[in-house]
Structure formats: C-alpha cells, structure tokens
Amino acid sequence: MRTALTIAGSDSSGGAGIQADIKTMMANGVYAMSAITALTAQNTTGVTAIMEATEEFLGEELDNIFTDIFPDAVKIGMVSSSGLIIKIAEKLKEYDAKNIVVDPVMVATSGARLISEDAVSTLKEYLFPLAQILTPNIPEAEVLSGMTITSEAEMMEAAKVIGDQYGCAVLLKGGHKVNDANDLLYHEGTCQWFYGKRIDNPNTHGTGCTLSSAIASNLAKGFPMDVSVERAKAYISGALAAMLDLGKGSGPMNHGFAIAGEYAKEVQDHE
C-alpha cells in the first residue's frame with residue numbers, strides 16, 4: 001500500500017486540516033500519516049483558539065514518520081510560523097522526501113490573511129523550492145505573483161510567474177469570481193485547463209485541504225502530475241455533489257461519498 005503524510009493543523013470539527021487530509025487519503029487508497037503543526041478549536045462557523053506545536057515536537061513527529069514508514073508523498077497545509085516552516089524544510093531535505101504538495105494557506109476564502117508577512121517570506125524561501133506542486137487559490141496567487149488576477153489570461157500569467165520562480169508545477173484554483181470551478185495547471189512550461197462543473201453547494205469547508213491531499217495521494221500511487229490533478233478534481237467534485245449538510249456555517253464535504261460496502265451499512269440496511 002502506498003503511503004502519504006500530511007503536515008498541517010488539526011480541525012476539531014473534522015472538515016478541514018489533518019482530519020480532512022486523512023479522510024481524503026484513505027478514500028483515495030493510500031495509507032495516511034500526520035504531523036500536526038497546531039491544534040485549533042474550530043467549527044463550521046469559525047476558529048476560536050489555536051495552540052501551535054513547538055519546533056522540537058514537530059521535528060520529533062517527522063523523525064518518527066520518516067525513519068519508520070517512509071511516505072510516498074507529502075502534503076503540507078497551514079503552517080503559521082517561520083520556525084515551524086524552517087523545521088519542516090530541514091526535515092524534508094534531511095530525509096529526501098518525494099512528491100511534495102504545498103497548499104500555501106495564506107488567505108482565507110473570506111479574504112482574511114491567515115499568516116504573517118514574515119511567515120510568507122519564509123515559505124517562499126524555504127518550502128516552495130522543495131515542492132513538486134503548489135496549489136494556491138486566486139488571492140494567494142496574487143500575493144505570490146504580485147499581480148491582480150481578474151481573468152483567465154491573468155491566471156495563466158500568474159501561474160507561469162510563480163512556477164518559474166520556484167521551479168515547480170502550479171495548480172491555480174479558479175473560483176473567487178474569476179471563472180467558477182476551472183483550474184489551471186502550469187507544469188513543465190505548459191498550461192493545461194481542468195474544467196469543473198460549478199456545484200451549487202455552500203458547504204465548502206476544507207476544499208483546499210481536500211484537493212491538495214487528493215493530488216498527493218495520486219502522486220503517491222505513481223500517477224503523473226496531470227492525471228493526479230484530474231483525478232483529484234473528480235474526487236472533490238463527487239464529495240461536494242454528495243450535498244452533505246452539517247453545522248451552522250459553511251459545512252464539510254462527504255469525504256467518504258464513494259465508500260460503500262458491508263462496514264458502511266446503516267441499521268435499516270442491516271435489518
């Protein structure tokens with residue numbers, strides 16, 4: 001069985017972060033492991049508290065993973081402080097980690113900045129050069145490229161700027177009023193569009209975490225970059241189309257929409 005590691009924060013409500021990553025990896029057929037960067041107290045309506053791991057503890061988590069069950073791919077999500085980012089970069093280089101997917105969680109869907117300017121510059125310097133692929137949304141790509149993005153042509157220009165600067169593939173996610181669900185992959189000098197159907201579902205908590213984890217899962221299984229993105233897009237579309245409706249805010253998706261069989265039966269199915 002192929003293996004994948006998520007390095008991210010915990011979401012106590014289970015819709016995003018580590019919890020979404022593990023569910024996604026399991027649904028995509030790989031064995032999931034985690035190194036937790038922070039505990040968050042949150043639900044579908046917002047985050048009320050964050051408790052970061054220490055650099056030393058995060059290093060111990062990573063040492064224990066890489067020296068025992070070596071991951072075939074690594075997904076990195078929210079890391080909010082420079083010290084933790086540097087520690088992750090050190091360990092990834094020390095163990096020569098493969099198939100690194102970085103979801104540069106910097107700007108919330110609401111537009112709120114999630115990490116400091118200092119941490120953004122540390123991400124750029126230490127972590128992005130190690131990535132096989134970055135998966136920014138449009139506000140994040142604007143921060144990384146220094147551009148304003150209001151059209152598909154500007155998406156292509158920004159993805160090229162970012163990809164060429166860090167020497168990696170870039171999946172620039174649509175939405176944010178630019179072009180609905182169409183995503184752009186810039187890889188090895190060429191642009192490829194992935195057209196998605198806009199799913200009218202307000203419950204989108206954890207979509208970024210889920211997409212990047214699904215890409216990592218497919219890279220871990222040996223699929224090429226473009227196929228990994230295509231498969232991840234199909235998975236997240238299915239999870240959204242399942243129309244799970246939980247919580248009082250922007251709720252989670254059904255990560256297990258395609259898991260059926262004996263152990264998924266409800267009481268009435270059993271009787």
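Two strands are taken to pair if DSSP finds at least two bridges between them, and helices (H or I, at least four residues) and strands (E, at least two) are DSSP runs numbered from the N terminus. The model is a predicted one, in which local features need pLDDT of at least 70 and side-chain atom pairs count only at pLDDT 80 or more, while totals for chains, interfaces and linings use all residues. Residues are numbered from 1 along each chain as its sequence is written, and side-chain values use heavy atoms, with hydrogens and water left out.

The description can begin with the sheet. An open sheet is formed by 9 strands in the order S3-S2-S1-S4-S5-S6-S7-S8-S9, with mixed pairing. Its edges are strand S3 (46-52) and strand S9 (190-194), each of which pairs on one side only. Strands of a sheet pair through backbone hydrogen bonds, either parallel or antiparallel.

S1 and S2 run parallel and are joined by 9 bridges, and Ala4 has Ala32 in S2 as its bridge partner. Between S1 and S2 the chain passes through helix H1 (residues 17-27), in a β-α-β crossover that is right-handed, a term meaning that, with the strands pointing away from the viewer, the path from the first strand over the helix to the second runs clockwise. S1 also pairs with S4 in the parallel sense, over 4 bridges, and there Ala4 stands opposite Ala73. Further along the sheet, strand S5 (residues 100-102) and strand S6 (residues 133-134) pair in the parallel sense over 2 bridges, with Ile133 in S6 as the bridge partner of Val101.

Helix H2 (residues 55-66) lies across strand S1 (3-11), strand S2 (31-43) and strand S4 (73-76), and runs at about 155° to S2. Helix H7 (residues 207-220) lies across S1, S4, S5, S6, strand S7 (169-172) and strand S8 (183-187), running at about 170° to S4.

Ile215 has its place in helix H7 and is buried, with a relative accessible area of 0%. Leaving aside neighbours within four places in sequence, Ile215 is in contact (heavy atoms within 4.5 Å) with Val101, Ile133, Thr135, Leu171, Ser228, Val229 and Ala232. By comparison with sequence separation, Ile215 and Ile199 are 16 residues apart along the chain and 20 Å apart in space, C-alpha to C-alpha.

In soluble globular proteins, nonpolar side chains tend to be buried together. A nonpolar core is here a set of buried Ala, Val, Leu, Ile, Met, Phe, Trp, Tyr and Cys residues joined through side-chain atoms within 4.5 Å. The largest such core has 45 residues, and those with the most contacts inside it are Leu5, Ile7, Val74, Ile76, Ile88 and Leu92. Apart from this core lies another, of 24 residues, among them Val101, Ala216, Ala239 and Met253. Not counting residues up to four places away in sequence, Ile7 touches several residues, including Ala35, Leu58, Leu62, Val74, Ile88 and Leu92.

The aromatic residues complete the picture. The structure holds 5 aromatic pairs, counted where ring centres of Phe, Tyr and Trp (its six-membered ring) lie within 6.5 Å, with planes under 30 degrees apart called stacked, over 60 edge-to-face and the rest tilted. Phe66 and Tyr95 form a stacked pair, at 5.1 Å centre to centre and 0° between the planes. This pair links distant parts of the chain, with Phe66 in helix H2 and Tyr95 in the loop between helix H3 (82-94) and S5, 29 residues apart. Phe66 counts as buried at 5% relative accessibility, as does Tyr95 at 17%, and Phe66, Phe70 and Tyr95 form one aromatic cluster.

Tyr235 and Phe257 form a tilted pair, 5.6 Å centre to centre with 35° between the planes. Tyr235 lies in helix H8 (residues 225-241) and Phe257 in the loop between H8 and helix H9 (267-270), so the pair ties together parts that are 22 residues apart in sequence. At 7% relative accessibility Tyr235 counts as buried, whereas Phe257, at 33%, counts as partly exposed.

Technical notes: Buried means under 20% relative accessible area, exposed over 50%, partly exposed in between (1.4 Å probe, protein chains only). Axes are lines fitted to C-alpha atoms, for helices over the stretch in contact, and angles run from 0 to 180 degrees between N-to-C directions.
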